[in-house]
Amino acid sequence: MTDPQIHKGLAGVLVDTTRISKVNPETNSLLYRGYPVQELAARCSFEEVAYLLWNGELPTEAQLAEFTDGERAQRALTPELKAVIDALPVTCHPMDVCRTAASVLGASHELAEDSSVQANMDKAVGLFAAMPAVVAYDQRRRRGEDVVEPRDDLGYSANFLWMTFGEEAAPEVVEAFNVSMILYAEHSFNASTFTGRVITSTLSDLHSAVTGAIGALKGPLHGGANEAVMHTFAEITESAADGDVAAHAAAWLDEALAEKKKIMGFGHRVYKNGDSRVPTMKASLDNMVKYYDRPDMGELYTALETAMGERKNILPNLDYPAGPVYHLMGFDTPTFTPLFVAARITGWTAHIMEQLEANSLIRPLSEYNGAEERHLP
Ligand code: CMC
C-alpha cells in the first residue's frame, strides 16, 4: 500500500475558487476584485474598499453616500455591549474583547438566525461600523480614560483615531492609518478567513464565523505578529545599554536564531520573495517616522531587516512595518491585532457571503496513526 499524501498545514492545497482577491507570489502582486491593492491604498478610502470587497465594484458617489450613512449610524456601542466589555478583566488580551464583542453583536442582532444575502450584508456593515468603537473603548478603559463617542462628520479612519485618542488626528496620520486598513483588509484563504469559511460551511451564522476568525487571527503566526514585532523592538532597545539600538539588532537576532526562535514579522507561507504589501506600508512608516520625528525607529527597522536578510534571506511581511506605525500613532501594543480585526472584518465577511453562494461542507480527512484496535480486558 502506498503512503497516503498528507498535506500538512494544507500547504499548496487548492480548496476552492474565489473572486474576492488574487495573491500572486510570482508577480508579487495582490488584487482586490481585480484592482492592485497599492492603487486602492493610494487613491481610495477604506469605506470604498470595503464596499468593493463586498459588492465586487467600487461605489458610485450616491452608493458611497448611502453606505457611509448606514455605517456612521451604527458606530456607537450599545449600553449592553459596553456593560459586557466592562465586565471583562483588563488583564485579558484585547483580542479576547474583540472576540467577545463580535459574539455579543451576533446574539443581539435582530436577524441573528437569518443568513440571507441582505441580512448578512447588514451584519457585515454592523460589525465593520462597531469594531472601531470596541477597540477604542477597550484601549481607553485600560488607560483609565473616559469614553469618546464616535463622530458622524468624520470618515472611518479619522473617527477611529478620534475615538481612541480623543483628538483629531493630523491628515498624514489619518492617511497612514487608512493605508494600513486597506492593506490588512483581505488576503485570500489565510488561516482566519479559512476558519470563517469552515464555520460558514456548516451553515452557522455570520457572527459565529467572524468570532472564530478572530480566534484564529490572535495567534502570533498570523495576526498576532504585528504585536510581537513591537515586543522584539522593545527587547532590542532594552538590551542596547549603550544606546546604539540599531547596532544591537544583529546581536539580538543572532541570539534569537541560535535559540531557534521565529522572528515575528518575517516570512510568509505564500510569498517567498517578499510580501506585496510591504513597500506601501513601509512608505507609510517612513512618513510616520518623519511626522513623529523618530528616526531611531526607522533605523531599528532597517537594521533588523538587513540582519535578517543577511543571515536567513527571509523578508518582512506586512506586520513588520505595521507594528511600528501603530506604535508611533500611540496605540498600545496589545491593541495592534485588534486593529487588524477591524480591517479584516471586510475580507472575512466577503468570504462568508461567497462561501454561502455555492456552499459545500468543509470536512477533510485524516490518516489515523494511533494505537491498533484493542479491547477492554
Ligand atoms: N524566523 C525565523 N525563521 C523563519 C521564519 C521566521 N520568521 N519564517 C520562516 N523561517 C524559516 C523556518 O524556520 C524554516 O526553516 P528550516 O527549513 O530550516 O526549518 C523555513 O524558514 C520555512 O519556514 P516555515 O515555518 O516552514 O514556513 P511556513 O510557510 O510554514 O511559515 C510563517 C510561514 C508566516 C508561519 C513563518 O514565516 C513565521 O512563523 N513567521 C513569523 C510569524 C509572522 O510574522 N506571521 C505573520 C504572517 S503574515 C501576516 C498574516 O497573514 O497574518
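Axes here are lines fitted to C-alpha atoms, for helices over the stretch in contact, and angles run from 0 to 180 degrees between N-to-C directions. Keep that in hand for these exercises, and remember that the model is predicted.

**Exercise 1.** Work out how helix α5 packs on helix α6: at what angle, and with which residues?

*Solution.* Start with the geometry: α5 (residues 94-107) and α6 (residues 117-142) pack at about 140°, and their axes are 10 Å apart. Angles over 145 degrees would count as roughly antiparallel, so α5 is oblique to α6. Next comes the handedness, and here α5 passes α6 in a right-handed crossing. Now look at the side of each helix that takes part. From α5 come P94, V97, C98, A101, A102 and L105, which meet G126, L127, A130, M131, V134, V135 and D138 of α6. Sorted by class, the residues of this contact are 11 nonpolar, one polar and one charged.

**Exercise 2.** Describe how helix α2 packs against helix α16.

*Solution.* The angle between α2 (residues 46-55) and α16 (residues 336-357) is about 15°, with the axes 8 Å apart. Angles under 35 degrees count as roughly parallel, so α2 is roughly parallel to α16. The crossing is right-handed. A50, L53 and W54 of α2 make the contact with T346, G347 and A350 of α16. That gives four nonpolar, two polar and no charged residues.

**Exercise 3.** Find the strand order of the open sheet, and say which strands lie at its edges.

*Solution.* The three strands run in the order β1-β2-β3, with antiparallel pairing. β1 (21-24) and β3 (35-36) are the edge strands, each pairing on one side only. Four bridges join β1 to β2 (residues 29-32); for N24, the bridge partner in β2 is S29.

Methods
Residues numbered from 1 in each chain as written. Predicted model: local features only at pLDDT ≥ 70, side-chain atom pairs only at ≥ 80, totals over all residues. Helix = DSSP H or I, 4+ residues; strand = E, 2+ residues; numbered from the N terminus. Parallel < 35°, antiparallel > 145°, perpendicular 65-115°, else oblique. Left-handed = near helix turned anticlockwise from the far one by under 90°. Contact = placed C-beta atoms within 7 Å. Nonpolar A, V, L, I, M, F, W, Y, C, P; charged D, E, K, R; others polar. Pairing = 2+ DSSP bridges.
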